[in-house]
Amino acid sequence: MYQSANPMILTLVGSAVAGGGVGALLSYPGWGTALAVLAWGFLQARHFSRVMKWLSEESTGIPPDGTGPWGDLLDQLDRHHKRAQTREQKLQSVITRFQQCTAALFDAIVIVDKHNNVEWWNKAAVTLIGIQDRDRGKSIFNLLRDPRFIRHYQRNQFQETLNLPSPVNSDIHLQYQVNHFGEGDRVLVARDVTRLVKLEQTRRDFVANASHELRTPLTVIRGYLETFLEQEPPRPLQRGLTQMQHQSKRMESLVADLLLLSRLESTQHINDEQPVDIQELIEQIHRDAKDLSGERGHEFELEINPDYDLMGQELELQSAFSNLVFNAVRYTPGPGLIQIRWSVDEKGGHFSVRDNGIGIDPIHIPRLTERFYRVDESRSSASGGTGLGLAIVKHVLMRHGAHLTIESHAGKGSTFTCHFPPEMLRRMAVPQRQSDTA
Ligand code: ADP
């Protein structure tokens with residue numbers, strides 16, 4: 001700017017001197033100077049308007065001719081403009097490639113802003129979740145209204161995926177994965193997992209049918225064994241028959257657990273939740289656990305928050321909680337201590353079972369809820385477990401929007417805690433007298 005100002009002033013001074021000289025020859029030096037400055041000004045104004053016209057046409061054409069400092073200025077502008085054009089073209093080609101790439105994806109991608117409004121989506125989102133132009137700028141919950149999706153999205157814990165039928169076609173099963181990016185924005189990916197879901201269904205049906213078919217022969221075998229044993233057979237035969245009876249009982253529990261698991265797996269979430277009297281439930285489990293403990297004489301400690309009940313499926317919760325308590329009895333040598341606790345805080349409700357039994361080495365913990373995973377095969381068989389207890393707990397909790405945490409150290413004991421979200425809690429009605437005094 002300063003570099004081009006000097007030549008400008010120089011041309012102005014040069015024109016004024018030349019005009020003054022010519023004027024002096026004609027005896028009008030003042031007029032000569034004035035006319036020369038006027039002509040200079042007119043020339044600059046013409047250059048200026050040409051440059052403005054070129055710029056206002058968004059510099060698409062060739063720059064106008066310019067002499068002196070105007071020429072330098074136009075050259076600079078032209079170079080600058082060409083550089084900007086190249087940058088723009090590169091950016092455009094990146095955007096085009098990104099659009100082509102996202103359009104080629106089979107997974108639906110939706111970008112949602114920090115106010116939960118839909119901002120952008122790819123082609124697959126149209127077919128898989130039925131997104132349309134009118135959804136732009138609208139809440140994602142207008143499009144995906146399933147309460148399970150809303151709950152998952154609002155929980156803000158996106159390590160886990162969520163499987164739901166597509167809102168446009170219930171035969172298509174989608175797996176939703178949400179993640180954060182930028183400043184509060186989120187990217188939602190929906191993947192078509194219909195084939196996987198169907199395969200899983202086939203596997204479940206097979207296990208359920210096989211278990212069901214095994215029930216009748218097992219009942220017959222058990223019946224005969226009982227009859228034979230009642231007849232007081234000779235000693236060696238009696239030992240064999242007793243062992244057969246014991247093993248057939250184990251097989252019956254196994255079949256029952258397999259059937260329960262396949263029933264739990266048939267839907268991802270419970271849809272018939274009822275208020276469950278948690279205090280009553282825990283007391284009932286406590287009585288059964290004392291029977292199981294028998295002569296080993298475990299000591300039980302109960303701590304129950306009486307103000308909150310849980311919304312859920314009572315039989316399933318009973319099965320999950322009793323599995324945890326019975327495990328504590330099985331894996332804690334008598335007369336160990338077993339603490340059962342129901343507590344509530346701002347994160348939700350927590351049912352925990354703590355024992356001071358044999359504990360588990362931390363390396364086993366991540367795999368503990370897998371079917372038939374056992375830390376120590378001989379000990380588990382001796383305890384009479386089926387190897388399916390914790391898998392059942394995991395499924396029941398999943399169906400209640402809850403999750404399990406396990407803390408344990410070999411030789412010191414274990415704590416198993418079921419964490420329920422606040423929306424599954426139900427505050428008990430405050431008795432009239434208490435509310436009067438409050
Ligand atoms: P099982 O029928 O074998 O008890 P589970 O699924 O209930 O099957 O438990 C899986 C394994 O976890 C058990 O075999 C046992 O080794 C371990 N386990 C479960 N609960 C406890 C506990 N309270 N203390 C120590 N080990 C436990």
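I take a salt bridge to be a side-chain nitrogen of Lys or Arg within 4 Å of a carboxyl oxygen of Asp or Glu. I am working on a predicted model, where local features need pLDDT of at least 70, side-chain atom pairs count only at pLDDT 80 or more, and totals for chains, interfaces and linings use all residues. Residues are numbered from 1 along each chain as its sequence is written, and side-chain values use heavy atoms, with hydrogens and water left out.

**Entry: R222 and E252.** I looked up this pair and found a salt bridge, with the closest N and O atoms 2.8 Å apart. R222 sits in helix α7 and E252 in helix α8, so the bridge ties together parts 30 residues apart in sequence. I use helices (H or I, at least four residues) and strands (E, at least two) as DSSP runs, numbered from the N terminus. For accessibility, buried means under 20% relative accessible area, exposed over 50%, and partly exposed in between (1.4 Å probe, protein chains only). R222 is buried at 18%. E252, at 23%, is partly exposed.

**Entry: R203 and E265.** I found a salt bridge between these side chains, at 3.4 Å from N to O. R203 is in helix α7 (residues 194-230) and E265 in helix α8 (residues 235-265), 62 residues apart. R203 is partly exposed at 30% relative accessibility, whereas E265 is buried at 11%. I then checked for a network: E200, R203, R204, E265 and R371 are linked by salt bridges.

**Entry: R341 and E303.** Here I turned to strands. R341 in strand β9 (residues 337-345) pairs with E303 in strand β7 (residues 299-304), 38 residues away. The closest N and O atoms of this salt bridge are 3.2 Å apart. R341 is partly exposed at 37%, and E303 is partly exposed at 47%.

**Entry: the count.** How many salt bridges does a search of the whole structure find? I noted 14.

**Entry: α2 and α3.** I looked up how helix α2 (residues 29-56) packs with helix α3 (residues 68-104): the angle is about 10 degrees and the axes are 11 Å apart. Axes are lines fitted to C-alpha atoms, for helices over the stretch in contact, and angles run from 0 to 180 degrees between N-to-C directions. The two helices are therefore roughly parallel (angles under 35 degrees). For the contact (heavy atoms within 4.5 Å), α2 supplies Q44, H47, F48, V51, W54 and L55, and α3 supplies W70, L74, L77 and D78.

Note on methods
Parallel < 35°, antiparallel > 145°, perpendicular 65-115°, else oblique.
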